Amino acid sequence: MDQTIVAQYSLIAAAFIAGLASIAAAFSDTKAASHALEGMTRQPEMAGKLFTNMLVAIGLIESIPIIAIVIALVLVFANPFLK
């Protein structure tokens with residue numbers, strides 16, 4: 001296969017990976033925040049603890065697209081399929 005075609009497929013795959021990871025993280029952040037707010041309204045005395053747990057959960061969720069974007073950049077710049 002021609003190297004330019006492989007490079008083009010790598011760019012398409014990197015864009016797909018980054019976009020899908022970002023969309024998935026956005027939906028997951030929304031779900032985590034909504035459930036934390038729901039818990040805070042049910043038990044206001046636990047609001048501080050739930051808020052801290054929500055921030056930790058959102059931080060962990062946001063690490064997934066960062067790792068995915070790093071993998072996508074490796075796919076583009078250090079492509080193992082190019083010779």
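Visitor: Where is the place of Ile 5?

Guide: Helices (H or I, at least four residues) and strands (E, at least two) are DSSP runs, numbered from the N terminus. Ile 5 lies in helix H1, residues 3-42. This is a predicted model: local features need pLDDT of at least 70, side-chain atom pairs count only at pLDDT 80 or more, and totals for chains, interfaces and linings use all residues. Residues are numbered from 1 along each chain as its sequence is written, and side-chain values use heavy atoms, leaving out hydrogens and water.

Visitor: Is Ile 5 buried, partly exposed or exposed?

Guide: Buried means under 20% relative accessible area, exposed over 50%, and partly exposed in between (1.4 Å probe, protein chains only). Ile 5 has a relative accessible area of 33%, so it is partly exposed.

Visitor: Which residues form a nonpolar patch with Ile 5?

Guide: Patches take residues with over 30% relative accessible area and no salt bridge; like charges are joined within 9 Å, nonpolar side chains (Val, Leu, Ile, Met, Phe, Trp, Tyr) within 5 Å. Here Ile 5, Tyr 9 and Ile 12 make up a surface patch with about 310 Å² of accessible area together. Such areas come from the Shrake-Rupley method with a 1.4 Å probe; for residues, only the protein chains shown count as cover.

Visitor: Which residues of H1 are buried?

Guide: They are Val 6, Ser 10, Ala 14, Ala 21, Ala 25, Asp 29, Ala 36 and Met 40. These buried residues pack against helix H2 (47-77).

Visitor: What is Ser 10 in contact with?

Guide: Contact means heavy atoms within 4.5 Å. Leaving aside neighbours within four places in sequence, Ser 10 touches Leu 75, Val 76 and Asn 79. Its relative accessible area is 5%, so Ser 10 is buried.

Visitor: How many salt bridges does a search of the whole structure find?

Guide: Side chains of opposite charge can pair when their charged atoms come close. A salt bridge is a side-chain nitrogen of Lys or Arg within 4 Å of a carboxyl oxygen of Asp or Glu. The search finds one. Arg 42 pairs with Glu 38, their closest N and O atoms 3.1 Å apart. The two are four residues apart in H1, so about one helical turn separates them. Arg 42 is exposed at 64%; Glu 38 is partly exposed at 36%.

Visitor: How far from Asp 29 is the nearest side chain of opposite charge?

Guide: Lys and Arg count as positive, Asp and Glu as negative; His and the chain ends are not counted. For Asp 29, that side chain is Lys 31, 12 Å away. Asp 29 is buried yet has no salt bridge.
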